Amino acid sequence: MVNRFSQLRRKEVINVCDGCRLGFVGDVEIKIPEGEVKAIIVFGPCRFFGLFGRGEDFYIPWDCIQKFGSDIILIDKPFQHRERPHDEKRRKRF
């Protein structure tokens with residue numbers, strides 16, 4: 001299977017561990033002398049319409065990729081979901 005980077009950017013990354021949609025491929029890490037793909041990088045979600053930057057990026061090693069589809073990439077990597085401190089304060093008030 002031959003893919004160009006422009007074709008990878010159109011594919012959505014989905015985690016099969018929890019069924020979470022991570023986003024679209026934003027970048028690829030390549031080891032230059034060997035020409036080996038090390039990982040794909042999915043940019044984090046936008047904060048408040050993109051005005052306050054983005055969330056944390058997802059770094060997905062090449063070994064975690066399970067399948068390439070025509071429009072999605074399935075990965076198998078557990079991610080830790082972090083709770084925001086201000087969300088915990090809101091929950092305690094109610």
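Phe 68 has 26% relative accessibility, so it counts as partly exposed (buried is under 20% relative accessible area, exposed over 50%, partly exposed in between, with a 1.4 Å probe and protein chains only). Trp 62, at 36%, counts as partly exposed too. This is a predicted model, where local features need pLDDT of at least 70, side-chain atom pairs count only at pLDDT 80 or more, and totals for chains, interfaces and linings use all residues. Residues are numbered from 1 along each chain as its sequence is written, and side-chain values use heavy atoms, leaving out hydrogens and water.

**The aromatic pair**
- There is one aromatic pair, counted when ring centres of Phe, Tyr or Trp (its six-membered ring) lie within 6.5 Å.
- The rings of Trp 62 and Phe 68 have centres 5.7 Å apart and planes at 40 degrees, so this pair is tilted (under 30 degrees counts as stacked, over 60 as edge-to-face, the rest as tilted).

**The whole chain**
- Two helices and six strands make up the secondary structure of the protein chain; these are DSSP runs, helices (H or I) of at least four residues and strands (E) of at least two, numbered from the N terminus.
- Along the sequence, the pattern reads α-β-β-β-β-β-β-α.
- The protein chain has 94 residues, and 24% of them count as buried.
- Take the contacts (heavy atoms within 4.5 Å) between residues at least 6 apart in sequence: 31% of them join residues at least 24 apart.
- About 7,600 Å² of accessible surface belongs to the protein chain, 53% of it on carbon and sulfur atoms (Shrake-Rupley method, 1.4 Å probe).
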